[in-house]
Amino acid sequence: MKKTTRLQWKVLRYLFTYVIGILFLLWFFQVILLQPFYEFNKINVVKEVADKIEKYIDSNQLEEYVSSLSDQNDLCVRIISENDISTRNAGCRISQLPVDKLLEYANLAIRNNGSYLSKSDLVEMQFVPDTLNTVTAKFNGDKNVIYTKVVNLESDSPTIIMVNTRISRVNAATQALSYQLLFIGIIVTLSAAILAFFMAKKIVKPIAEINEASQNLSKGDYKHMTSQKDYLEVQELNQTLTEAARQVQKADKAKRDLIANVSHDLRTPLTMITGYGEMMMDLPNEKTDENIKVIVNESKRLSIIVNDLLDLSKLAENKITLNLEKFDITACCREVIKTYDQHLKQERIVIEFDTTEDVNIVGDKHRISQVLHNLINNAINYSDENKRIIIHQRIEGEKVKILVQDFGCGIAESDLPLIWDRYYKVDKEHIRSDQGSGIGLAIVREILDLHHYTYGVESKINEGSIFYFETTVEKGE
Ligand code: ADP
């Protein structure tokens, strides 16, 4: 499992690693590789000088040229041909070399394609003061480099070019650099640590604020997440969480509304049942068929509400599986309309069915009847005194459209997208009819979504509404 670290420490760690890495590179190149780089460079200079002299070997100004080269590069040169030219600079060794040694270098060069590089430890002879004739050899780590080049080999008188220089130890320089690096390292590390600390704090602060606000969400405190707007990422996170908080708040309100509405809807029939029941118990002559019917009707209404609630929760959790079959939707409409016969007699309701032929569709017949019931109930509830409702069945090509039309109060355009939400009421004062459970359209939506049918509503205030759904006609028997 990955270890979790506080962001602040992570930023610090990365910055430290970076600084240490840079310091290590500096140390490696400046301290460890300084001597080899220096030596390499010096030897190159020696070779270059010998090559330049070779090109000038027949010139009249050879002597001046050689002395200027040896001064510029702080080295000494000896050219042995018919006449011997030699320049002397401090620590020069070739001018003192015995003839047999010169010949040895020349021979080595001839055998080695014309050039030979000798590198040896530099030993300096010193007279010890007071003890005359006593000589000590002092070795201080410097190197003596002699580069011998033999030119004009084919001619009778070949020329030997010798370039000599000293490669000093760079110990003192590397030591100074090491101290410098140590010093720079301490300063850089400390300043980086301080910088990282403040940077991390600045980055972490808004995240910590959002974190705190999110923790408060669970306690029901839906305030804005953070006031920090410096970083785009933080702004986006802020927006996401604010939206989440808004949704949670909405869900919380919906839950409270649901409880309030359910309690209200359940209380009304319950009050009626207990009221009528007690009345019939106390007053024997109230035990009439009419009163018993009220109790029975209210109990039915209660069971409708409870069933609808159970249905909706099952539908919303996708716990209902549709019992799909091919059935006659026209006959189904007729059956549903027939169940309103009692109603039609009692109230002034007219339900017309406008159809031309019977068609089959595929769906869950029981659930589609439920949709029709809910739409007709609403049409009745939201119609005025003269309740005229028309159910149209329209066949358009492959499709059949069922429309439930009323001429009631209608719905404002702004409310149309909201009426499908649970317990959304356009008119908050509206008293639900005996038929409604307050979640009728939410159930309609869930069922039609499950069937993948298209559906919708068209409505105009004071002119009425048309709720519809549409699906494909199933041909054949
Ligand atoms: P209920 O009717 O019990 O309040 P519904 O979910 O069935 O719950 O309907 C939601 C809301 O949509 C209703 O409160 C009402 O404002 C509006 N509505 C539904 N059907 C109609 C209709 N046929 N005419 C006018 N308004 C309607």
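User: How are helix axes and the angle between them defined, and which angles count as roughly parallel?

Analyst: Axes are lines fitted to C-alpha atoms, for helices over the stretch in contact, and angles run from 0 to 180 degrees between N-to-C directions. Angles under 35 degrees count as roughly parallel, over 145 as roughly antiparallel, 65 to 115 as roughly perpendicular and the rest as oblique. A word on the source: this is a predicted model, where local features need pLDDT of at least 70, side-chain atom pairs count only at pLDDT 80 or more, and totals for chains, interfaces and linings use all residues. Residues are numbered from 1 along each chain as its sequence is written, and side-chain values use heavy atoms, leaving out hydrogens and water.

User: At what angle do the axes of H5 and H6 cross?

Analyst: Helices (H or I, at least four residues) and strands (E, at least two) are DSSP runs, numbered from the N terminus. The axes of H5 (residues 171–217) and H6 (residues 232–282) cross at roughly 5° and come within 11 Å. The two helices are therefore roughly parallel to each other.

User: Which residues make the contact?

Analyst: Contact means heavy atoms within 4.5 Å. H5 brings Pro206, Ile210, Ser214 and Leu217, while H6 brings Val234, Leu237, Asn238, Leu241 and Ala245. They divide into 7 nonpolar, 2 polar and no charged, with Ala, Val, Leu, Ile, Met, Phe, Trp, Tyr, Cys and Pro counted as nonpolar, Asp, Glu, Lys and Arg as charged, and the others, Gly among them, as polar.

User: Where do the buried residues of H4 fall, seen down its axis?

Analyst: Happy to show you! Buried means under 20% relative accessible area, exposed over 50%, partly exposed in between (1.4 Å probe, protein chains only). An α-helix has 3.6 residues a turn, so residues three or four places apart point the same way. In H4, Leu102, Tyr105, Ala106 and Ala109 are buried. They fall within an arc of 100° seen down the axis of H4, so they line one face of the helix; the arc is that of the directions from the helix axis to the C-beta atoms. Asp100 and Arg111, on the other side of H4, are exposed.
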